[in-house]
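Reader: Hi! Could you walk me through this model?
Author: Happy to; here it is.

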Amino acid sequence: MNGMDSTTAPQIWRKLLRALLFWALLVGASSWYFGLLGPARTSVATDAETIGTHQRQATFWSADTPISGAQWQSDALARSGAWSMALPKQAFGFEFEIPNLRGDEQLELSVWRKALEGTSSEGMLVAEIQGKFWEGCKTVAEKDEQGWERIACTITPP
C-alpha cells in the first residue's frame, strides 16, 4: 500500500484544515487591527440645478439619496451651471442621511461656498449622528479666481 492507513488520512486533512483556518483568521485580524484593510468610502454628490420632490418637499438628488436645501435654490450667484444656494444667516444648506452606517466608513465632504461682498465665509461642513457624534470642518482645500472656496474634509464616524 502507500504507507498510510485509512484512519490517519482524515486526521491529517482535519489538522491541515485547522491550521489553514487559524492562519486565515490571524492574517485577517492582524490586517484589520493594523489598518491594512482600509475603511469603506462613501460618496454623495449633487449640484443645485435639479429639484425633485421627496415626502412632499422640494429636494435635490444624488442617485437614490434625497438632499434637502432646495428651498434655498437661487440664481443670484453660481459657480457652474445656473443655480446655487443662497443661505440666510444660521441656515443649513445641503443635508442628507446615510442609513445603516457600520462604523468603518469614511465620509469625504466638500462643497463650494462664496460669501457676498462685505460678509465673511462662515459656512462649514458637519457630520452628525444624533446624540452620539458631531464633527465639523472649515478647511479650505481650494480657491478660484472668482472668490469661490471649496471646503473639504474626511470624517470617520464611530
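Author: Let's begin with Asp-144, in the loop between β10 (140-143) and β11 (149-155). Strands here are DSSP runs (E, at least two residues), numbered from the N terminus. This is a predicted model, where local features need pLDDT of at least 70 and side-chain atom pairs count only at pLDDT 80 or more, while totals for chains, interfaces and linings use all residues. Residues are numbered from 1 along each chain as its sequence is written, and side-chain values use heavy atoms, with hydrogens and water left out.

Reader: Thanks! Is Asp-144 buried or exposed?
Author: Asp-144 is buried, because its relative accessible area is 14%. Buried means under 20%, exposed over 50% and partly exposed in between, using a 1.4 Å probe and protein chains only.

Reader: Which backbone nitrogen does the side chain of Asp-144 reach at 2.9 Å?
Author: That of Trp-148. A polar atom of the Asp-144 side chain also lies 3.1 Å from the backbone nitrogen of Gln-146.

Reader: And what is Asp-144 in contact with, leaving aside neighbours within four places in sequence?
Author: Arg-79 and Trp-112. Contact means heavy atoms within 4.5 Å.

Reader: New topic: which residues make up the largest nonpolar core?
Author: There are nine: Leu-107, Leu-109, Leu-125, Ala-127, Phe-133, Cys-137, Ile-151, Cys-153 and Ile-155. A nonpolar core is a set of buried Ala, Val, Leu, Ile, Met, Phe, Trp, Tyr and Cys residues joined through side-chain atoms within 4.5 Å.

Reader: Which elements give two or more residues to this core?
Author: β7 (105-113), β8 (125-129), β9 (133-137) and β11 do. The largest share, three residues, comes from β11.

Reader: What does Leu-109 touch, apart from neighbours within four places in sequence?
Author: Its contacts include Leu-125, Ala-127, Ile-151 and Cys-153. There is also a second, separate core of five residues, among them Ala-48, Phe-60, Ile-67 and Met-85.

Reader: I care about cysteines. How many disulfides does the structure hold?
Author: One. Cys-137 and Cys-153 form it, with their sulfur atoms 2.2 Å apart; the cut-off for a disulfide is a pair of cysteine sulfur atoms within 2.5 Å. The pair links distant parts of the chain, Cys-137 in strand β9 and Cys-153 in strand β11, 16 residues apart.

Reader: What is the handedness of that link?
Author: Left-handed, with -75° about the S-S bond. Both Cys-137 and Cys-153 are buried.

Reader: Last one: where is Ala-63 found?
Author: In the loop between β3 (57-62) and β4 (65-67). Ala-63 is exposed, because its relative accessible area is 74%.

Notes. Helices (H or I, at least four residues) and strands (E, at least two) are DSSP runs, numbered from the N terminus. A polar contact is a pair of N or O atoms within 3.5 Å; within protein, one must be able to donate a hydrogen and the other to accept it, and residues adjacent in sequence count only if both atoms are side-chain atoms.
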